[in-house]
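Trainee: I am new to this structure and would like a close look at one part of it. Could you walk me through a pair of packed helices and then show me their surroundings?

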Amino acid sequence: MNSNIWLLTFADAISIATTLILASLGAMITERSGVINLGVEGMLLMGAVSGFVVAESTGNLWLALIAGIFVGVALSAVHAGLTVGLRANQIVSGLAMVIFGSGLAQFIGKPYEGNMRPVVIERVDLGWLTDLPLVGPVIFGHDIFTYATWAIAAGASFYLHRTRPGLILRATGDAPATVDAQGGSVARIRWAHTIAGGALMGFAGAWFMFARATAWNANATTNGIGWIALALVVFASWRPLRAIGGAVLFGFSLQVPFTLQAEQITLLPQTIVAMFPYLVTLLVLVLLSTPRARRLLGAPKMLGQPFVRDER
Amino acid sequence: MIVLGRSIRLEQRMVVPRSAVVIVPMLSVFFALAVGGVFLAATGHPPLGTYLDLIKNGYTSFYGITDTLGLATPLICTGLAAAFAFRMNLYSIGQEGQLYLGMIGGAWAGIALADSLPAFLAVPLVLVFGAVAGAAWVAVPAVLRARLGTSEIVSTLLLNYVALNLVNYFIFGSRGFFRDPTTSFPQGRPVAESARLSPFSFFTDKVTNTYPTLLVALVLAAFLFWFMRTSNYGYETAVYADSPNTARYAGMNSMRLQSSVLLISGALAGVGGAMYVVGPAGKVDPGLLQIGLGYAGIVVAALARYNFLAVIVAAILFAGLRTGGNALQVSNDPVPIAIAVVLQGAVLLFALGGELFRRNRVVISRVGQVVPT
């Protein structure tokens, strides 16, 4: 074991964090409007498999990524239709999305099971920046989407906290009746942000397929990353920029089992090490729910509550 | 909403008609089959023929029915588990992991304790240990939920992945207690003969895959239905589900209610895992990890609208989808078994949408006309 391998693990953690950031940004802006979408895991899988299928038939990475986004939009539109349009229970609808999405991903992906990804997202070479010691591989050795994701997070933060639509969005999550009284359309805002969130989740799945996963495997491709992204929303206290730091932490915990396996460090059996990311996430959730931490969090106040004008 | 000069709006029903209770789930299943049909057609399988095969293999032949009932047995348990928690607005989705732990706990009792016991003691012992293990697996999320208000949704789900790896560890990752020591092939150590039930068999040689544990599952469902209607505990959980504040003002202990509901839910799922041990498996069997009975239990519970008796019907329906789907997978024109999961998800989505029409009725009137309310 050398220090280099841990440096590479850290670089991998930052890379894998891209999916976590995108997915949790998607969940975050959905939740900011007062809609909780638990279907992240299903959306990631569907984004991954639809990207895979499109890439197999066209060989075009961009089309594949767009397919992922499109599927995320379609699934989240169903969720919005059920929860905003028909006022269905958001939690059960989200679970239905996970079951439907992962079932459909398995069904569609069956002929491709075990196939290698047809296209790959290449890492960019930033010249002398990438050659820098330490920071080179860790910060400057990623693909363009990783950098774009950081920009999206910054943009989302600006949108939420510095623009008028962002203000209205936050108000919709905290006090929809007020937004309604001011003449805003709660339903339209919730629809728009649920779908935008779904687009991010679908893209997150497609990116993961071509940047991190090497082959399509319905049972192992995302492997619970969607749920970790949901925990990350809480960890980031619904603030986009904080999601970056949290995603690196969770990304590290996801990467450690692979590093240990690659280095053949067998302090613990592989099956036990594989529990690590989930236990870390659980531990973080526990720490976040102490009364002290809760005060600092600030979840949207009407999260999960359908809005019906006549009942108010 | 105004369409073609008519205003369409929803009006809350004062009384839910009995017909809506039956028609909404039936329509959900119908529409789900239609959605599944689209995907079947898109992948080159004739939808109607596939469904007819599925129904034939899942619900009509002798072995189809008995396989379905055998698979429905643990599914009733996970369905009851989900219904028990969900009806109190506790969205525990850890049934999958609790089921695994029930299998582990049951197998432990079956190996370590059952040897010297007669069957009428050994089998209940295995089931009880399964229940205890299932409850223990949800103990941490339950305490966190009751004490700190940690969302049980993500915490229970994360533990499913831990439980999955735990089973893999016992069978593939180590050569410990649960691993069969007599062979190098990775498989579970069989439980004592006294801890196994033999399946129902008819007409001397027709041995089925239905085990007497089905009766236990049915009794459990009936008991819960009766108990939660008549007991004080059932009343308190119902009040808490409707309005936590009312429950608190009435002096009910919300912490105890929340944690006990989650623990009982975990125990119910755990019994399902132990039934797998006394029934078809007889050991810790990683085959259980492939079926997804825990997640299916959530769909079953939601389709049954958290009614314990309706869980039985929904569980048999979904088990049939699975057995029918299994048969399709090995036919001449193999259809991936995942179609069963797609149908489950679609049924749940339509049932959710249909809920609105159960609670409300659609009123169509001319624009400008006053509707008497």
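Mentor: Happy to! Let us begin with a term we will need: two residues are in contact if their C-beta atoms, placed from the backbone, lie within 7 Å. Please keep in mind that this is a predicted model.

Two packed helices are described by the angle between their axes and the distance between the axes. Our pair is in chain B: helix H5, residues 119-148, packs against helix H6, residues 152-173, at an angle of about 160° and with the axes 10 Å apart. The crossing of H5(B) past H6(B) is right-handed.

Now look at the side chains where they meet. H5(B) contributes Trp137(B), Val138(B), Pro141(B), Leu144(B) and Arg145(B), while Glu152(B), Ser155(B), Thr156(B), Leu159(B) and Ala163(B) come from H6(B). Sorted by class, this contact has six nonpolar, two polar and two charged residues.

Let us step back to the chain around this pair. Chain B holds 13 helices and five strands. Its C-alpha trace spans about 80 × 60 × 40 Å along the principal axes. Among contacts in chain B with a separation of 6 or more, 77% are between residues 24 or more positions apart.

Two loops deserve a visit as well. Most residues other than glycine have a negative phi. Asn89(B), however, has a positive phi, near 55°, and is found in the loop between helix H3 (62-86) and helix H4 (95-112) of chain B. Asn89(B) counts as partly exposed because it has 14 C-beta neighbours inside 10 Å. Arg305(B) also has a positive phi, about 50°, without being a glycine. Its loop runs between helix H11 (293-303) and helix H12 (308-329) of chain B, and with 18 C-beta neighbours inside 10 Å, Arg305(B) counts as partly exposed.

Finally, chain B has a partner: 38 of its residues are in contact with 38 residues of chain A. Several helices of chain A each supply at least two residues to the side that touches chain B, including H3 (61-85) and H4 (90-109). H4(A) gives the largest share, 12 residues. By class, that side of chain A divides into 25 nonpolar, 11 polar and two charged residues.

Terms used:
Residues numbered from 1 in each chain as written. Chains lettered and ligands numbered in written order. Predicted model: local features only at pLDDT ≥ 70, side-chain atom pairs only at ≥ 80, totals over all residues. Axes fitted to C-alpha atoms, helices over the stretch in contact; angles between N-to-C directions. Helix = DSSP H or I, 4+ residues; strand = E, 2+ residues; numbered from the N terminus. Left-handed = near helix turned anticlockwise from the far one by under 90°. Nonpolar A, V, L, I, M, F, W, Y, C, P; charged D, E, K, R; others polar. Buried ≥ 20, exposed ≤ 12 C-beta atoms within 10 Å, placed from the backbone.
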